[in-house]
Amino acid sequence: MPVVKEVFDPGGRGLRREYWLVGLVGWVVLFAPVLADWAFELSEEQRVGWAIGGFGLLAYQIVAVLAAIRRLHDTDHSGWWLLIALVPVVGSAVLSGG
């Protein structure tokens, strides 16, 4: 499955479309189980959406970081530049080019 292989590969370059698609799918994966819990009005004991959403969050974070690394490669930067984002205000300004 080459598509899955590309998603988990930090090397190479990533398309802008791929980067935003990862974000969109991530939101769906995170909130669909929770919305299903609310829609079916399940009791606290029956709710599994929050747990599934938590596991989805972990998987999404891994894929999102790898997609961000590939987008940094498009700007001729190393993936290590993503660590700059951890610096409040300054990090996001540097990465956005502003």
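How exposed is Asp74 in terms of relative accessibility? At 28%, Asp74 counts as partly exposed, a class between buried (under 20% relative accessible area) and exposed (over 50%), found with a 1.4 Å probe and protein chains only.

## Basis of the model

This is a predicted model, in which local features need pLDDT of at least 70 and side-chain atom pairs count only at pLDDT 80 or more, while totals for chains, interfaces and linings use all residues. Residues are numbered from 1 along each chain as its sequence is written, and side-chain values use heavy atoms, leaving out hydrogens and water.

## Helix H2

Helix H2 covers residues 16-39; helices are DSSP runs of H or I with at least four residues, numbered from the N terminus. Its 24 residues should span 34 Å at 1.5 Å a residue, and the end C-alpha atoms are 34 Å apart, which agrees. The expected span is 1.5 Å times one less than the number of residues.

At Phe31, H2 bends by about 35°, and Pro33 follows within four residues. The bend is the angle between axes fitted to the seven residues ending at a residue and the seven starting there. Among the buried residues of H2 are Val22, Leu30 and Pro33. Just after H2, Glu41 has a positive phi of about 50°.

The structure holds 1 salt bridge, defined as a side-chain nitrogen of Lys or Arg within 4 Å of a carboxyl oxygen of Asp or Glu. It joins the side chains of Arg71 and Asp74, at 2.7 Å from N to O. Side chains of opposite charge can pair when their charged atoms come close.

Both Arg71 and Asp74 lie in helix H3, 3 residues apart, about one turn of the helix. Arg71 is partly exposed, at 21% relative accessibility.

## The loop between H3 and H4

Asp76 lies in the loop between helix H3 (49-74) and helix H4 (90-96). Although not a glycine, Asp76 has a positive phi of about 60°, and it is exposed, with a relative accessible area of 64%. Val89 is also placed in the loop between H3 and H4; its phi is positive too, near 60°, and it counts as exposed at 70% relative accessibility.

Val89 belongs to a nonpolar surface patch with Trp81, Val87, Val90, Val94 and Leu95, and together they have about 510 Å² of accessible area. Such a patch joins nonpolar side chains (Val, Leu, Ile, Met, Phe, Trp, Tyr) within 5 Å, from residues with over 30% relative accessible area and no salt bridge; like charges are joined within 9 Å. Accessible areas come from the Shrake-Rupley method with a 1.4 Å probe, and for residues only the protein chains shown count as cover. Trp81 is found in the loop between H3 and H4 and is partly exposed, at 33%.

Notes
Helices (H or I, at least four residues) and strands (E, at least two) are DSSP runs, numbered from the N terminus.
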